[in-house]
Amino acid sequence: MSNSSALVLFSGGQDSTVCLAWALDRYQRVETVGFTYGQRHAVEVAQRPVIRSKLAVLGDWRAKLGADTVLDLPALQSISDTALTRETEIAFSSTGLPTTFVPGRNLLFLTYAAALAYRRGIGTLVGGMCETDFSGYPDCRNATIQALAQALSLGLDKPMTIETPLMFVDKAETWDMASKLGGEALVDTVVEDTHTCYLGDRSHRHDWGYGCGSCPACALRAKGWTEWRAKTR
Ligand code: ZN
């Protein structure tokens, strides 16, 4: 398995876009994988090729950026009964997790990604999982991810590393990473082309990008942007 190549779990959101830039800065060959599962808003999926083409013209990244694979996981829609896939209101449950939470979703994504990486001769997965967002999705925690990396390495009988550059980083630091990795051009792409709004709103443009401005994902993105801007001025 190659240590000079990586497979990035790339959704078209802010976090996975910064992870893609992080990987392009470090690895010789970088491929991407995305998942479709009846998302309410196809906008995030539609932005993926746009963002890939913008990143390709930064630095020497075009030569490194390899294939993109989209895997369809319709079974997830059957399992979930949440705001992510049904037309119900976004809310927070008593546990503090948004109702968009699909139990164990990232375990499934990483396992499918590992199977694809194995086929492509890639030994490193890169994902935007993060402990600092919201109350912390349990399948995004570092202990979960590292335990899964061990299980995947055993199950594939090949070493499989999972890199999570945003694990202990807050949203202000994510903007800072974008700036350091790709300068203003990358920050502009994150603002203009990445999508994180839970409501799929691309009709309202803010300093920090498009979104409804009030859902938890927009609130988090806006807060991070404001904090980062305050530090850089
Ligand atoms: Zn929103």
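Reader: Which residues touch the most other members of the largest nonpolar core?

Author: This is a predicted model. Its largest nonpolar core has 66 residues. Those touching the most other members are L9 and L125.

Reader: Which residues is L9 in contact with, leaving aside its neighbours within four places in sequence?

Author: Contact here means heavy atoms within 4.5 Å. With sequence neighbours within four places set aside, L9 has contacts that include S16, V33 and F35. L9 is also in contact with F109, L110, A113, L125, V126 and M129.

Reader: How many helices and strands are in the protein chain, and what percentage of its residues is buried?

Author: The chain holds eight helices and seven strands. It has 233 residues. Of these, the buried share is 52%.

Reader: Among contacts between residues at least 6 apart in sequence, what percentage joins residues at least 24 apart?

Author: The count takes contacts in the protein chain between residues at least 6 apart. Those joining residues at least 24 apart make up 68%.

Reader: Are α1 and α7 roughly parallel or roughly perpendicular to each other?

Author: Helix α1 covers residues 14–26. Its axis and that of α7 come within 10 Å and cross at roughly 70°. Angles of 65 to 115 degrees count as roughly perpendicular. The two helices are therefore roughly perpendicular.

Reader: Which residues make the contact of α1 with α7, and how many of them are charged?

Author: From α1 come Q14, D15, T17, V18, A21, W22, D25 and R26. From α7 come K171, T174, W175, M177, A178, L181, L186 and V190. By class, nine are nonpolar and three polar. The charged residues number four.

Reader: Are α7 and α8 roughly parallel or roughly perpendicular to each other?

Author: The axes of α7 and α8 come within 10 Å. They cross at roughly 85°. So α7 and α8 are roughly perpendicular.

Reader: Which residues of α7 and α8 meet, and how many are nonpolar?

Author: On the α7 side are K171, A172, W175, D176, S179, E184, V187, V190 and V191. On the α8 side are L220, R221, G224, W225, E227, W228, R229 and K231. By class, seven are charged and two polar. The nonpolar residues number eight.

Reader: How many aromatic pairs are there, and what are the distance and angle for W175 and W225?

Author: The structure holds six aromatic pairs. W175 and W225 form an edge-to-face pair. The centres lie 4.8 Å apart, and the angle between the planes is 80°.

Reader: What does the pair of W175 and W225 tie together?

Author: W175 sits in α7, and W225 sits in helix α8, residues 216–232. W175 is buried at 0% relative accessible area. W225 is buried at 9%. The pair therefore ties together parts that are 50 residues apart in sequence.

Reader: Which residues do ring pairs link into a cluster?

Author: The cluster is joined through ring pairs. Its residues are F35, Y37 and F109.

Reader: Is L148 buried or exposed, and which residues is it in contact with?

Author: L148 is in helix α6, residues 142–156. Its relative accessible area is 14%, so L148 is buried. T111 is 37 residues away in sequence, yet 8.4 Å away in space, C-alpha to C-alpha. Leaving aside neighbours within four places in sequence, L148 is in contact with L107, L110, T111 and I162.

Reader: Is N106 buried or exposed, and which residues does it touch?

Author: N106 lies in helix α5, residues 105–120. Its relative accessibility is 11%, so N106 counts as buried. Not counting residues up to four places away in sequence, N106 touches M129, D139 and C140.

Reader: Where does D157 lie, and what is its phi near?

Author: D157 is in the loop between α6 and β5. At 68% relative accessibility, D157 counts as exposed. Phi is positive here, in a residue other than glycine, and is near 60°.

Technical notes. Residues numbered from 1 in each chain as written. Predicted model: local features only at pLDDT ≥ 70, side-chain atom pairs only at ≥ 80, totals over all residues. Heavy atoms only, no water. Core = buried A, V, L, I, M, F, W, Y, C linked by side-chain atoms within 4.5 Å. Buried < 20%, exposed > 50% of the residue type's maximum accessible area, 1.4 Å probe, protein only. Axes fitted to C-alpha atoms, helices over the stretch in contact; angles between N-to-C directions. Helix = DSSP H or I, 4+ residues; strand = E, 2+ residues; numbered from the N terminus. Parallel < 35°, antiparallel > 145°, perpendicular 65-115°, else oblique. Nonpolar A, V, L, I, M, F, W, Y, C, P; charged D, E, K, R; others polar. Phe/Tyr/Trp six-rings, centres within 6.5 Å; stacked < 30°, edge-to-face > 60°.
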